[in-house]
Amino acid sequence: MSSGTLWNADLDALQFTACNGGNCLVHRRAFRAVLRKSPLMEDCIAFYAVNQATLQAAATEKIEEHRIGDGQSFHLNSRQIRRRLAMTGLAEILHDQTLDGQLGAE
């Protein structure tokens with residue numbers, strides 16, 4: 001994981017530092033909705049590693065839309081992540097890979 005990124009076991013969520021200096025949390029349930037499977041912690045971390053720029057952009061968008069102050073923590077939900085994936089054209093790729101069993105195959 002990159003600096004400022006960790007798995008918060010108490011909250012069952014990935015935590016990373018957002019552009020406002022606060023923590024952004026993405027709960028395992030949000031990853032489950034995005035990945036369309038019940039992900040392990042490692043699946044969530046791997047998704048973040050590949051899609052870090054997209055999740056950071058989603059976090060920035062939420063900060064701006066909701067006027068989240070400097071240093072304040074917040075969470076992203078699956079809709080916010082999917083919206084940003086769609087904006088980057090990754091939503092269809094992710095959907096196709098999940099359906100084909102290519103992503104997160106056990």
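Okay, let's start on helix H4, where Arg-79 and Met-87 are exposed on one side. Exposed here means over 50% relative accessible area, buried means under 20%, and partly exposed is in between, with a 1.4 Å probe and protein chains only. H4 covers residues 78-87, and its buried residues are Ser-78, Gln-80, Ile-81, Arg-84 and Leu-85. The arc is taken from the directions that run from the helix axis to the C-beta atoms.

Before I go on, a word on where this comes from. This is a predicted model, so local features need pLDDT of at least 70 and side-chain atom pairs count only at pLDDT 80 or more, while totals for chains, interfaces and linings use all residues. Residues are numbered from 1 along each chain as its sequence is written, and side-chain values use heavy atoms, with hydrogens and water left out.

Now the overall picture. We have 5 helices and 4 strands, and along the sequence they come in the order β-β-β-α-α-α-β-α-α. Both kinds of element are DSSP runs numbered from the N terminus: helices are H or I with at least four residues, strands are E with at least two. The chain has 106 residues, and 38% of them count as buried. Of the contacts with a separation of 6 or more, 51% are between residues 24 or more positions apart; contact means heavy atoms within 4.5 Å.

Back to helices. H2, residues 41-50, has Cys-44, Ile-45, Phe-47 and Tyr-48 buried. They cover an arc of only 160 degrees around the axis, which puts them on the same side of H2. Ala-49 and Val-50 are exposed on the other side of H2. As a reminder, an α-helix has 3.6 residues a turn, so residues three or four places apart point the same way.

And what does H2 pack against? Helix H1, residues 28-35, at an angle of about 70 degrees, with the two axes 10 Å apart. That makes H1 roughly perpendicular to H2. On the H1 side the contact uses Arg-28, Phe-31, Val-34 and Leu-35, and on the H2 side Met-41, Asp-43, Cys-44 and Phe-47. For the angles, axes are lines fitted to C-alpha atoms, for helices over the stretch in contact, and values run from 0 to 180 degrees between N-to-C directions. Under 35 degrees is roughly parallel, over 145 roughly antiparallel, 65 to 115 roughly perpendicular, and the rest oblique.

Thr-5, in S1 (residues 5-8), is buried because its relative accessibility is 10%. Beyond neighbours within four places in sequence, Thr-5 touches Leu-14, Gln-15, Phe-16 and Tyr-48.

Next, the cysteines. How many disulfides does the structure hold? It holds 0, a disulfide being a pair of cysteine sulfur atoms within 2.5 Å. Cys-24 counts as buried because its relative accessibility is 0%, whereas Cys-19, at 55%, counts as exposed.

Ile-63 and Cys-19 are 44 residues apart in sequence, yet 8.5 Å apart C-alpha to C-alpha. Ile-63 is buried, because its relative accessibility is 10%. Setting aside neighbours within four places in sequence, Ile-63 contacts Ala-18, Cys-19, Asn-20, Ile-68 and Phe-74.
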